[in-house]
Amino acid sequence: VLRFNGRVVTDGGGFTSVRRRLEDIDLAGTTSVQMRVRADQRTYGLTLEDGTEVGQRAISHRADLNIDRADEWTTTALRYGDLEPTVFGRPVNAPPFDPDDAREFGIIIADGQDGDFSLEIDWIAACP
């Protein structure tokens, strides 16, 4: 199980994330991601990068995870079409995420709240 926990401090930033390069993982031909997670009541997001840039800045394609039950294991799914292109958390005009060129996967918490957070991930699956 991946445990992503800590404390968010909004003075001077207000977010934290964990990311993994996808050098040995191929998302070509997939349309969504499913995960089995257990989380507190905070809002977490999924980020994917495909190498697209705007103004020499990497685009992070991002959407909030839909976690229905706090503190219980649940399966959540997110279609790539629901991802919004962003730079530093701000929306930008860019092409949609291209799974054929996926380079990085991440989880982020940037809900604007100070305090402790905790998210556990049991498994992640890319789905056709």
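This is a predicted model: local features need pLDDT of at least 70, side-chain atom pairs count only at pLDDT 80 or more; totals for chains, interfaces and linings use all residues.
Student: What are the volume and the lining of the largest pocket?

Tutor: The largest pocket holds about 410 Å³ of space, and it is lined by 16 residues, of which Phe15, Ser60, Phe88, Gly89 and Ile108 lie nearest its centre. By class, its lining has six nonpolar, five polar and five charged residues. Several strands supply at least two lining residues each, among them β2 (16–21), β4 (44–49) and β11 (104–109).

Student: Why are β2 and β10 called edge strands?

Tutor: The open sheet has six strands in the order β2-β11-β4-β7-β9-β10, with antiparallel pairing. β2 and β10 (90–91) each have a single partner strand, so one side of each is left without a neighbour in the sheet, and they stand at the edges.

Student: How many bridges join β7 to β4, and how many join β7 to β9?

Tutor: β4 and β7 pair in the antiparallel sense over four bridges, and the bridge partner of leucine 46 is alanine 63 in β7. β7 and β9 pair over three bridges, again in the antiparallel sense, with arginine 62 opposite glutamate 84 in β9.

Student: Why is phenylalanine 88 called exposed, and what is its phi?

Tutor: A residue is exposed when its relative accessible area is over 50%; phenylalanine 88 has 69% relative accessibility, so the residue counts as exposed. Phenylalanine 88 is found in the loop between β9 and β10, where the hairpin has two residues between the strands. Its phi is near 50 degrees, a positive value in a residue other than glycine.

Student: How do you know whether glutamine 56 is buried or exposed, and where is this residue found?

Tutor: Buried would require under 20% relative accessible area, and exposed requires over 50%; at 75% relative accessibility, glutamine 56 therefore counts as exposed. Glutamine 56 is found in the loop between β5 (53–54) and β6, and its phi, near 65 degrees, is also a positive value in a residue other than glycine.

Student: What makes a set of residues a nonpolar core, and which residues have the most contacts inside the largest one?

Tutor: Such a core is a set of buried residues of listed nonpolar types, joined through side-chain atoms within 4.5 Å. The largest has 25 residues, and those with the most contacts inside it are Met35, Leu46, Ile107 and Leu119. β1 (2–8), β3 (32–39), β4, β11 and β12 each supply at least two residues of this core, and the largest share, four residues, comes from β3.

Student: Which residues form a cluster through ring pairs?

Tutor: Ring pairs link Phe4, Tyr44 and Phe117 into a cluster, and the structure holds three aromatic pairs.

Note on methods
Residues are numbered from 1 along each chain as its sequence is written. Side-chain values use heavy atoms; hydrogens and water are left out. On a 1 Å grid over the protein atoms alone, a cavity is a set of points where a 1.4 Å probe fits but cannot get out, and a pocket is an open set with protein on both sides within 12 Å along at least five of seven lines; lining residues have an atom within 4 Å of a point. Grid points are joined across faces, edges and corners, and a volume is the space filled by probe spheres set on the points. Ala, Val, Leu, Ile, Met, Phe, Trp, Tyr, Cys and Pro count as nonpolar, Asp, Glu, Lys and Arg as charged, and the others, Gly among them, as polar. Rings of Phe, Tyr and Trp (its six-membered ring) pair if their centres lie within 6.5 Å; planes under 30 degrees apart count as stacked, over 60 as edge-to-face and the rest as tilted. Two strands pair if DSSP finds at least two bridges between them. Buried means under 20% relative accessible area, exposed over 50%, partly exposed in between (1.4 Å probe, protein chains only).
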